[in-house]
Amino acid sequence: MKHFSKSKVIIVLGPPGSGKATQAELLAETLSLYHLETSEIIEKNFAIAKEGDFVKIGDKKYFISEEKKLRESGKWMSPPLIAFWVKNRIEALSKEGKGIVFSGSPKTLYEVKTIAPLLKKLYGISNVTLILLKQRPEVSIWRNRKRKICELMRHSILHTKETAKLKFCPLDGSKLIRREDSKPEVIKSKLNEFKERTLPVVDYLKEQGVKIKEINGEQSVADVFQDIFKAL
Ligand SMILES: [Zn+2]
């Protein structure tokens, strides 16, 4: 069982507000996988960056300050930079013999074309499963408007019946605050990007032989998790 968990890769994709991170967290705990969250990798790299810092990939320089501006306005950062950071993390995890659950990444064709061959090589394509959370756009908008994060670890708390009245993070007890990116125009832009850029990722992974499981993401967190678990 332990060996099985270690070699597994699960990718959880879905529109904004579909609870990707929450489900990935539950999968990580249940199956002893590492939860690879792109936003966490980005935040960490932003946090250690100094004024004028950049990353050179090929012959192009990616300035951290410019990437920060893109992210703050709800636009997507440069895919080569994200792919570079994520690739490094995957290689490190594989060396440690850890299985991975991704949430919200890879989100562009560029990223998936960098990452999929790596996963194929390190884990084998038959060990990769894609969980696609389905949610109508109006539900995304409504849930994002009400979404909160915790002050300490930036855990994202999805708005559901069970979490509506929460004031403190269930994981670490810190105060819950409103997310900065929960403005309606930012969410609409994210929804668009999801349709135009992430859905092609699903098609690409399908072509590569990755198993795809579609799950109704509009249910409660517990019910979504149960469906995912059954599908695996
Ligand atoms: Zn927390």
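**A close look at the metal site**

Modeller: Let's start with the angles: the four donor atoms around the zinc ion subtend 93 to 123°, and that makes the arrangement tetrahedral. For four donors to count as tetrahedral, all angles have to lie between 85 and 135 degrees, so the range of 93 to 123° passes. The ideal angle for four tetrahedral donors is 109.5 degrees. Keep in mind that this is a predicted model.

So who are the donors? From the protein they are Cys-150 through SG, His-155 through ND1, Cys-169 through SG and Asp-172 through OD, and they lie 2.1 to 2.3 Å from the zinc ion. Read along the chain, the donors follow the spacing C-x4-H-x13-C-x2-D. Take Cys-150 and Asp-172: this pair is 22 residues apart and links distant parts of the chain. Cys-150 belongs to strand β7 (residues 148-150), while Asp-172 sits in the loop between β8 (156-157) and β9 (176-178).

Those two also differ in how covered they are. Buried means under 20% relative accessible area, and Cys-150 has 1%, so Cys-150 is buried. Asp-172 has a relative accessible area of 28%, so Asp-172 is partly exposed.

β8, β7 and β9 form an open sheet of three strands, in the order β8-β7-β9, with antiparallel pairing. β8 and β9 are the edge strands, each pairing on one side only. In general, strands of a sheet pair through backbone hydrogen bonds. Here, β7 and β8 pair in the antiparallel sense over two bridges. If you want to find one on screen, go to Ile-149: the bridge partner of Ile-149 is Ser-156 in β8.

Zooming out, the protein chain has nine helices and ten strands. Its C-alpha atoms fill a box of roughly 45 × 45 × 35 Å along the principal axes. A compact globule of 232 residues would have a radius of gyration near 17 Å, and the chain agrees, because its value is 17 Å. Buried residues make up 44% of the 232 residues. Among contacts with a separation of 6 or more, 72% come from residues 24 or more positions apart.

And how confident is the predictor? The chain averages a pLDDT of 90, and 96% of the residues score at least 70. Over residues 1-5, though, the pLDDT is below 50, and this stretch has three contacts in the model beyond near neighbours in sequence.

Conventions: Residues numbered from 1 in each chain as written. Predicted model: local features only at pLDDT ≥ 70, side-chain atom pairs only at ≥ 80, totals over all residues. Heavy atoms only, no water. Donors = N, O, S within 2.8 Å, 3.2 Å for Na, K, Ca; no water. Tetrahedral: all angles 85-135°; square planar, octahedral: opposite > 155°, others 65-115°. Helix = DSSP H or I, 4+ residues; strand = E, 2+ residues; numbered from the N terminus. Buried < 20%, exposed > 50% of the residue type's maximum accessible area, 1.4 Å probe, protein only. Pairing = 2+ DSSP bridges. pLDDT = per-residue confidence, 0-100. Contact = heavy atoms within 4.5 Å. Rg over C-alpha atoms; globule rule 2.2 N^0.38 Å.
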